[in-house]
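Biologist: Could you take a close look at the salt bridges here and walk me through them in one connected account?

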Amino acid sequence: MITLNVNGRAHSVDADPETPLLYVLRDDVQLNGAKFGCGLGQCGACTVMVDGEAIFSCITPISVLQNRKITTVEGLGTAQSLGPMQRAFVAEQAAQCGYCIPGMMMRAQALLERRPAASEAEIRAALQPNLCRCGTHMRIVRAVVQAAAAIKGGGKA
Amino acid sequence: MKITRLGGRQAVKITRREFIAGGGALVVSFALPAPLFAQGLPGALQKTPMLDAWIRVAADGRITVFTGKAELGQGIKTALLQIAAEQLALEPGRIELVTADTARTPNEGYTAGSNSMKDSGTAILHAAAQTRQILVAEAARRLGAPPERLAAQNGEVRAEDGRRIGYGALVAGQTLHVRAEPHSKLVDPAAHKVIGKPLPRVDIPGKVTGGRELRPGSAPARHGPRTRGTSAKLRRAAEIRRACRGRENAGRAEDPARRQLSRRCRHA
């Protein structure tokens, strides 16, 4: 049994220590925000935060995650009570199919928690590992810029 | 179309709209022969002509609209809701839309080729308009007033003297189990309240909160080759990464296997 701290809640998980975090999130913890894209850490759809850092959950085994703080897109807010990053993505309508979006948001969230005053250039550079096939990149960048402004303006990241 | 002079040469600028209009004209010349459209019903009503396949009104007034097309992020849930809401004289938020459910919706085949609005949108447009006409006609019968003196508004039919009946009270059993007519009394575009007005995409809140938007109505999908342990794909990826350490420059190696591994390494 491994205990994982996901979005502030402890989950005891009965899974092989080598199991990638993504599978545990989706199958055991029932959090389906993080997506399986490539399974190789090359597309970013599975991105979540561990201790404030963006990681590929599809290639991170749960054995290294005991006692570390895992945050998924569900940890940013709910449809009824959106967090600043989610509000910005809704305001900019920054999704087409939406499959890459939770990963995009978590990588952006990690950046803004580290550097709340990140410039657009820094945002673009930080989001490099995450791919979007629909082509909503410009809206995504605008949403993150907006989220940065909201957070700077006093909102919590 | 706009003709401008650029560096002494004439350039013709065609707007996107003009281009599409031109393309449309081209398509018309390839239109299929008339007998295929013998039924004369608009859009996907040709294949699924019963009104209640598209729209249901519950006794408590809840409205459900059905489409065989899937939301893929192109925004059709929002657009179809706008069409139905306009013709039913309702707020879009008061309509439940069921998409591409083999047990419940019309079978509309692929969601592709920009056909969703053309086929499903047209069907819903006319089905909703005809549903409204049926509701108004029934209200006219009950209120003893001519239908043209009645107005459908916010889920009820109102008479000039203030009497009103909710949509739910106007339907019973088979009221909407009727074939669509070829022609509908559509809302005058000049009076549109919903169509043509911006409406935030209804699928986006679910997509930014880990909701079920990507799997309408179904249990959470399981992704990936296995649910536990290490998958073959992951093991292979790890092997390649291990083998790759320090070998990025082996591309010029004599051994073809090493050259191949080196090529793979760049993507590992």
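Modeller: A salt bridge is taken here as a side-chain nitrogen of Lys or Arg within 4 Å of a carboxyl oxygen of Asp or Glu, and by that rule a search of this predicted model finds 14 salt bridges over all chains. In chain B, Glu138(B), Arg141(B) and Arg142(B) are linked in a network of salt bridges, and within it the closest N and O atoms of Arg142(B) and Glu138(B) are 2.8 Å apart. Those two residues lie four apart in helix H3 (residues 116–143) of chain B, which means that about one helical turn separates them.

Glu156(B) is buried, with a relative accessible area of 18%, while Arg158(B) is partly exposed at 21% and Arg164(B) is partly exposed at 49%.

The interface between domain 1 and domain 2 of chain A, by contrast, has zero salt bridges under the rule, although six residue pairs in polar contact are found across it, both residues of each pair being at pLDDT 80 or more. On the side of domain 1 of chain A that touches domain 2 of chain A, there are eight nonpolar, eight polar and three charged residues.

Definitions and conventions:
Residues are numbered from 1 along each chain as its sequence is written. Chains are lettered from A and ligands numbered from 1 in the order in which they are written. This is a predicted model: local features need pLDDT of at least 70, side-chain atom pairs count only at pLDDT 80 or more; totals for chains, interfaces and linings use all residues. Side-chain values use heavy atoms; hydrogens and water are left out. A polar contact is a pair of N or O atoms within 3.5 Å; within protein, one must be able to donate a hydrogen and the other to accept it, and residues adjacent in sequence count only if both atoms are side-chain atoms. Ala, Val, Leu, Ile, Met, Phe, Trp, Tyr, Cys and Pro count as nonpolar, Asp, Glu, Lys and Arg as charged, and the others, Gly among them, as polar. Buried means under 20% relative accessible area, exposed over 50%, partly exposed in between (1.4 Å probe, protein chains only).
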